Amino acid sequence: METHLIRPDPDALLRQTVLDGDSHKRGRFKVFLGAAPGVGKTFEMLTVAHQLQRDGVDVVIGVVETHGRSETAALVNGLELVPLRTMTYRHRILTEMDLDAVLMRVPRVVAVDELAHTNASGSRHPKRWMDVEELLAAGIDVLTTVNIQHLESLNDIVASITRVRVRETVPDHVIGDADEVELIDLTPNDLLQRMRDGKIYAEHTAGRALLHYFSPR
């Protein structure tokens with residue numbers, strides 16, 4: 001008699017772990033790793049957040065960057081967004097995730113977009129991945145996103161291929177410590193079509209991106 005192994009759904013396992021009330025001190029950490037900008041990692045992160053909420057899990061958004069993408073922006077609706085922190089730097093108004101507000105809110109799960117982001121001067125931590133480390137240490141589960149070119153060890157390799165060097169990086173150990181990493185990818189043709197349709201960058205930026213970073217090899 002032939003038997004077939006059924007692979008468990010990773011998102012179902014994450015939801016079950018949350019619902020079971022796992023007592024470990026450190027929060028669980030899931031990373032949506034994008035093969036390139038615009039492949040849909042933030043969309044997928046918010047989709048999972050909605051799934052968790054439907055299952056009765058206390059989920060909030062700590063920070064999300066929609067970049068004007070309507071499909072992604074629509075997924076923000078229905079989820080609690082912890083108000084951002086506002087500050088003034090060199091006569092400019094800047095907003096950042098309010099780390100203390102999230103810690104005081106004590107959600108079970110928080111969605112934190114763009115792990116490689118550099119925080120504004122005056123923030124407690126210089127990097128957003130350090131904010132995430134503090135949230136995890138407080139026992140809060142974190143969903144986050146990052147593109148592969150932001151990984152410290154791959155920065156040089158990606159730059160040699162794309163001729164674009166990304167300045168914001170995340171140490172490899174941060175991703176290595178994740179409980180789960182989900183790769184989000186699209187075929188080159190689909191990604192280029194999304195770019196042409198204005199679903200990744202604004203029209204004036206898309207043309208430049210197609211000539212440089214988003215050039216098929």
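Two strands are said to pair if DSSP finds at least two bridges between them. With that in mind, in this predicted model Lys30 stands opposite Glu180 in E8, and 5 bridges join strand E1 (residues 29-34) to E8, the two running parallel. The open sheet to which they belong is formed by 6 strands in the order E3-E2-E6-E7-E1-E8, with parallel pairing. Its edge strands are E3 (80-81) and E8 (180-184), each of which pairs on one side only.

Helix H2 packs on this sheet, touching E1, E2, E6 (109-112), E7 (141-147) and E8, and its direction makes about 165° with that of E7. Helix H5 also packs on the sheet, where it touches E1, E2, E6 and E7, and its direction makes about 175° with that of E6.

H2 (residues 41-54) has 14 residues and reaches 20 Å from its first C-alpha to its last, close to the 20 Å expected at 1.5 Å a residue. Among the buried residues of H2 are Met45, Leu46, Val48 and His50, and just after the helix Gly56 takes a positive phi of about 90°.

| Residue | Relative accessible area |
|---|---|
| Arg128 | 1% |
| Arg69 | 13% |

Arg128, which is found in helix H5 (residues 128-137), counts as buried because its relative accessible area of 1% falls under 20%. Its contacts beyond four places in sequence include Glu65, Glu96, Asp113, Glu114 and His117. Arg69 lies in the loop between strand E2 (59-63) and helix H3 (70-76), and its C-alpha atom is separated by 9.4 Å from that of Gly38, 31 residues apart along the chain.

Definitions and conventions
Residues numbered from 1 in each chain as written. Predicted model: local features only at pLDDT ≥ 70, side-chain atom pairs only at ≥ 80, totals over all residues. Heavy atoms only, no water. Helix = DSSP H or I, 4+ residues; strand = E, 2+ residues; numbered from the N terminus. Expected span 1.5 Å × (residues − 1). Buried < 20%, exposed > 50% of the residue type's maximum accessible area, 1.4 Å probe, protein only. Contact = heavy atoms within 4.5 Å. Axes fitted to C-alpha atoms, helices over the stretch in contact; angles between N-to-C directions.
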